[in-house]
Amino acid sequence: MSEVNIPPIPDLGSRTDEITIYAGPCSVESVEQFDEVAACVKDLGLHWIRGGAFKPRTNPHSFQGLGEEALRIMKDAGDKYGLKTLTEVMDSAHCQLVSDYVDGLQVGARNFQNFSLLKKIGQVTADTHQMVLYKRGFAGTIAEWLAATDFITGVGYYNVVLWVGGIRWL
């Protein structure tokens, strides 16, 4: 097994026991729906709202998201309620578009090892300084996950938050 070379963690100031919660609907479906959720997120004292703009559905006949319209809805609600916005980016062709609208880009488990996407996200966020929420993929080892972050951080920008979703035990 080769050794993983990980750069030092940047000095982000003092640590606290504060937890960041990313709340919001699986899919942005309408202005009314997202506005209602944003108001609730704000009332709960949270700072981030997330929602799906492009939905990775296995069935091509299922709702696939509103795309750029969803991004506009998210931006408007974020501005209105003073919330930061986050959505999953699934295609390297969408990286700049998504970056133009939201505060954070999410990499889902299905794209855990989509290296061309990870590289493109790294290029876009190096210029914008946006946070990347990077989910560990299905059956991916921790060593693979950490090594793959180098595709995002290879341009010298390290604002990547690692996210572990559900874990299968059986």
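Student: Which residues is Gly-122 in contact with, leaving aside its neighbours within four places in sequence?
Tutor: Gly-122 is in contact with Ile-152 and Val-155 once those neighbours are set aside. Please keep in mind that this is a predicted model.

Student: And where does Gly-122 lie, and is it buried or exposed?
Tutor: Gly-122 lies in helix H4. Its relative accessible area is 1%, and because buried means under 20%, Gly-122 is buried.

Student: How many disulfides does the count come to?
Tutor: The count comes to zero disulfides. The rule asks for a pair of cysteine sulfur atoms within 2.5 Å. As a reminder, a disulfide is a covalent bond between the sulfur atoms of two cysteines.

Student: Back to H4, then. What about Lys-119?
Tutor: Lys-119 has its place in helix H4, which covers residues 115–128. At 44% relative accessibility, this lysine counts as partly exposed. The C-alpha atoms of Lys-119 and Asp-150 are separated by 8.6 Å, although the two are 31 residues apart along the chain.

Student: Let us turn to H5. Which of its residues are buried?
Tutor: The buried residues of H5 are Trp-145, Ala-148, Thr-149, Ile-152 and Thr-153. They cover an arc of only 155° around the axis, so they sit on the same side of H5.

Student: What covers those buried residues of H5?
Tutor: The cover includes H4, strand E5 (131–135) and strand E6 (160–163).

Student: What does Thr-153 touch?
Tutor: With residues up to four places away in sequence not counted, Thr-153 touches Tyr-158 and Val-160. Thr-153 also lies in helix H5 and is buried, with a relative accessible area of 8%.

Student: What span does H5 reach?
Tutor: H5 has twelve residues and reaches 17 Å from its first C-alpha to its last. That is close to the 16 Å expected at 1.5 Å a residue.

Student: Changing topic: what span should H1 have?
Tutor: Helix H1 comprises 13 residues (residues 31–43), which should span 18 Å at 1.5 Å a residue. The end C-alpha atoms of H1 are 18 Å apart, which agrees.

Student: Which residues of H1 are buried?
Tutor: Gln-33, Phe-34, Ala-38 and Val-41 are buried in H1. Seen down the axis of H1, the buried residues fall within an arc of 125°, so they line one face of the helix.

Student: What is on the face of H1 turned away from its buried side?
Tutor: That face carries the exposed residues Glu-32, Glu-36 and Asp-43. The buried residues of H1 pack against strand E1 (22–23), strand E2 (48–50) and helix H2 (68–81).

Student: At what angle do H1 and H2 pack?
Tutor: The angle is about 35°, and the axes are 10 Å apart. H1 passes H2 in a right-handed crossing.

Student: Which residues meet there, between H1 and H2?
Tutor: From H1 the set is Val-31, Phe-34, Asp-35, Ala-38, Ala-39 and Lys-42; these meet Ile-73, Met-74, Ala-77, Lys-80 and Tyr-81 in H2.

Student: What about the glycine that follows H1?
Tutor: H1 is followed by Gly-45, whose phi is positive, near 80°.

Student: Finally, what pattern does the chain follow along the sequence?
Tutor: The pattern is β-α-β-α-β-α-β-α-β-α-β, and the secondary structure comes to five helices and six strands. Of the 170 residues of the chain, 38% count as buried. Among contacts with a separation of 6 or more, residues 24 or more positions apart account for 65%.

Key:
Residues numbered from 1 in each chain as written. Predicted model: local features only at pLDDT ≥ 70, side-chain atom pairs only at ≥ 80, totals over all residues. Heavy atoms only, no water. Helix = DSSP H or I, 4+ residues; strand = E, 2+ residues; numbered from the N terminus. Expected span 1.5 Å × (residues − 1). Buried < 20%, exposed > 50% of the residue type's maximum accessible area, 1.4 Å probe, protein only. Arc of directions from axis to C-beta. Contact = heavy atoms within 4.5 Å. Axes fitted to C-alpha atoms, helices over the stretch in contact; angles between N-to-C directions. Left-handed = near helix turned anticlockwise from the far one by under 90°.
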